[in-house]
Amino acid sequence: MVVSFIGMETQEVKIKPVVNVVLRSDAEMLDEVMVVAYGTSKRSAFTGSATEMKSKDLEMHTVSSATNALSGKVAGVQMTSSSGEPGSSSTIRIRGIGSMNASSEPLYVVDGAPYDGGIANINPQDIESISVLKDAAASAIYGARGANGVVIITTKKAKANQDAVVKLDAKWGVNSRLIPQYDVITDPAQYYETHYKALYNSQYYNGKTSEESYAFADKNLFDKNNGGLGYQVYTVPEGESLIGRDFRLNPNATLGYSDGTYYYTPDNWYDETYHNSFRQEYNLSVSGNRDRLNYYASAGYLDDGGFVNNSRYQRYTARTNVDFQAKKWLKLITNLSFSHVDSQSPSFSADTYASSGNLFYIVNTIAPIYPLYVRNADGSIKTEGGRTVYDSNQTNFVRPSIVGNAVRDNEYDSRQTYRDVFNGTWSAVITPIEGLNLTATLSAMSYNTRSNELSSIFGSGVASGGIATVSNSRTFTVNQQYIANYTKTFADIHNFTALAGYEQYNYKYQYHRGENDHLYTPNIGELGNAYGIDSKKLDSYTDNYMTEGFLGRVQYDYDNKYFTSVSYRRDASSVFAPGHRWGSFGSVGLAWQMNKEEFLNGQDWIDLLKMKLSYGVQGNDAILDQDGYRSYYAYSDRYQPSYNKDTGDYSVVLSQKGNNELTWESSYSWNAGVDFSFFGYRLNGTIDYYNRKTVDMLYFKTLPLSGGINVATFPANIGSMRNSGIEVSLDGVIIKNRNLEWALNLNFTHNKNIILELDPSIGEEGLTYSNRVIKEGGSIYQAYMLKYAGTDKETGKALYYMDKEIVDEAGNKQIERTTTEDITKATKYDCGTTLPKLYGGFGTTLNAYGFDLSLQFSYQLGGQIYDGVYQSLMHNGLSAGSNMHKDLLNAWSPDNKNSDIPRLSAASTDDPGVKSQTPIDRFLTSSDYLSLNNLTLGYTIPKNILNKLKINNLRVYVSGENLFLLTARKGLDPRFNYGIGSMTSGAGLASGSYASMRTITGGLSFTF
């Protein structure tokens, strides 16, 4: 009888009535095989730094984009998410921010070929593994595109000698908004009271008598043109005021007011807009491996609803992966996938501050006194033609600041996107002699998107008779790869592998957009339905990009004890001018498996102890323009033509000054570390130290006005930057027996980013912006703003620090730091980096008696984020109609002189930097957080029950994704970005973005 188990040595024993078999660990089997650049490697033999996430871990997550599951799981990976919209993907940074003005995105490789099709278009259920390559030894062979790390996604195939397996997975659940509302005033009476007090104080604190101040507040409380709120939603007896002299609501006031034509009562915009939604997902796969054919085929459907109306993401996917051993010397591989996406997006733009058309900004910040709907005099909600009428300032009252109605716009406008993505990879592997594989691979991707935007005549397009906007984009990429790989072992101890090849990547992007107004049929957002004359807009363009490179790698190990790896790549990029297109990149890696040494013989508790060291050079050509988009023609001058229809002449204006000396941004990386496994692989870990220096950074340099050129910037290579730090990953099996296994995992990363050198033309103060500074010795995210000095304890006015130059009796100039009430005279200071000192994750898994439980957390410590949303809510009464944070209730007053919150006053002279939208360090907030990313509980039905039903396996489970987030302030999500911002930019735009969603699902997984 043969007894076997995964990870254990197979044993053959004689058949007896009672047989006790103890299996020993098979170190060779437990030596994990990882997918790495252009192949695979055993963990013990790998000289670089990489982490792999298997399908078993991915299947625990309920995500529409697979890379979202990496959060908190992989050391060195930091993730941010500016949108929680269904179908969105997080932004990934590997070992810090890699560039100042070029892309810091990692390279994505799917089944061996570069992939630009959007990770959300790949069904996570089709993924076998995700490998994150972090150092130069792991990724330098990718040359031009590997400077910021590489994420390798490998899709599923059947296991060896596997009969046909059919798997069906179905899950149903609910989505809801995770991030709570800031702690704002929700009681209409309290808001009126607070604003009334701000109006009163605006006079009283500035010299008016008490009676004059009361009179001013009474007169202007509802006057939108003089600091008032515009709306009256309480009925008060004739001759009485809404707010009394005690700054409290008149006890005789009743909620609801009618002017004879309309009835006014406040609505809870937050509760009316945000709601739970349904999520459902179905996946079916068939796989098998018999004779010479290995096949995997799947189909999937996802319907992911958002937490606002008209927000939905539907994805249909299909995949076929086939390997066919046509001849002993010829293997054919085909991987084909297709996805179709039909998505609806709500009305918002995360890049624009304070837009009245931004659904999230309005709902999150509007005061709690305003009606959402227009009501008839009897209190019923008004309708026209069966449509609900929303309050957009068309009644006898008008809001002081917010025009239109974003909730109405979201109901009647539409933003529909259709996306088709085809990705195909075809390979032929020829083995002419033993150990030599010649592989030719052709990969092609077609990514087609069509978007229809309707600004309805009943919504935001009312002034233009409705607006239709239609855009189409087409991305087509082709990657050719020709690789020769030779493996040979000499004398049983000299293991040698050599790889050489050529790769070429071609990218074409085409875009077309049209817009027109005056729609004949109100609900059809097509250009053929738009008959405007003066507002037609058409635009189209094409971008082309190409890279090619020659690559090679040699790997050698002596007796699986001493390892070395050397790689080289010579790459060219069309981004640079001829003469500067080619760059040379490469790496060398060394490793020593100490547990193979004689001096550790007998130390059976050591399964793996490996020291590793690597160094390499990588390139980056992905320069970004001022709007954050790829610049494919940075070396050339570009012109914007115009046509004069009266003269028939064309004229051109320089729109971009090129630089034909522009060349590669290069990163020089060191990595030193240790990999270990102890106690029968019960405790496993990696400790890495890394140091990456980026030089010749791609940047759009400011041109002097004296240059006589009418463009402000031009591309250049300037300066250098370093990311260095330490990563630690640990996982261990605490308890393991026949019925129970309990395991823990932990990882953390400390990264330090510092700018080493800038262009000589940049002064000692660096490049200063409204809220950040880029200077030598600082980080790429260095806050630069006014410093708050608290309040004047006698007046309650805000105080700010300022540097004042003084001259002593000897004529020596000195800088003295003092304070000022005048915000325009305050000095901006370096307020430190916003980047965290530590980030990572931890989790646990427990399997017992058929039940499985897993939890995964992520965290961040030691950073800052500019809470611009909080700043806008601390407006002291100056932003009439916008909500107020409850912290304002503790503002300075003659009875509360120790408060550090400036006095409540609607006077412009009392603006604490909110109305002026000034960045102040008072609003820099801790970005520390703890997030429960995933919790899954499952139960696998016993085999003796399933055998009767002809089912191989049945698992029932419930799963929660993004379950809770603990932060320094209610409503704040530090994962939005890297902390830099102001009230109107960066982190301050969070209130106008789609917040993160919580997902709770239950499902069934069948295997036949």
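Let me start with a term: buried means under 20% relative accessible area, exposed means over 50%, and partly exposed lies in between, with a 1.4 Å probe and protein chains only. Leu454 is buried, because its relative accessible area is 7%.

Now the ground rules. This is a predicted model, where local features need pLDDT of at least 70, side-chain atom pairs count only at pLDDT 80 or more, and totals for chains, interfaces and linings use all residues. Residues are numbered from 1 along each chain as its sequence is written, and side-chain values use heavy atoms, with hydrogens and water left out.

Back to Leu454. It sits in strand S25, residues 436-455. Strands here are DSSP runs of E, at least two residues, and helices are runs of H or I, at least four, numbered from the N terminus. What is Leu454 in contact with, leaving aside neighbours within four places in sequence? Contact means heavy atoms within 4.5 Å. The partners are Tyr412, Asp413, Ser414, Ile467, Leu519, Pro522, Asn523, Ile524 and Gly525. Ile780 is another matter: 326 residues from Leu454 in sequence, and 40 Å away in space, C-alpha to C-alpha.

Next, Ser90. It lies in the loop between strand S6 (77-80) and strand S7 (91-94). Ser90 is buried, because its relative accessible area is 18%. Not counting residues up to four places away in sequence, Ser90 touches Asn68, Met79, Thr80 and Ser81.

Trp670 belongs to strand S34, residues 665-678. Trp670 counts as partly exposed because its relative accessible area is 45%. Together with Val554, Val566, Val588, Leu590 and Leu613, Trp670 makes a nonpolar surface patch of about 490 Å².

On to the strand pairing. Two strands pair if DSSP finds at least two bridges between them. Strand S49, residues 929-940, pairs with strand S46, residues 851-861, in the antiparallel sense over 10 bridges. S49 also pairs with strand S50, residues 953-967, again antiparallel, over 11 bridges. Which residue of S49 is the bridge partner of Leu853? That is Leu937. Leu937 also stands opposite Val958 in S50.

Last stop, Lys950. Its place is the loop between helix H10 (943-946) and S50. Buried or exposed, at 69% relative accessibility? Lys950 counts as exposed, because of that 69%. Lys950 and Lys970 are 20 residues apart in sequence, and 51 Å apart in space, C-alpha to C-alpha.

Key. Patches are made of residues with over 30% relative accessible area and no salt bridge: like charges are joined within 9 Å, nonpolar side chains (Val, Leu, Ile, Met, Phe, Trp, Tyr) within 5 Å. Accessible areas come from the Shrake-Rupley method with a 1.4 Å probe; for residues, only the protein chains shown count as cover. A salt bridge is a side-chain nitrogen of Lys or Arg within 4 Å of a carboxyl oxygen of Asp or Glu.
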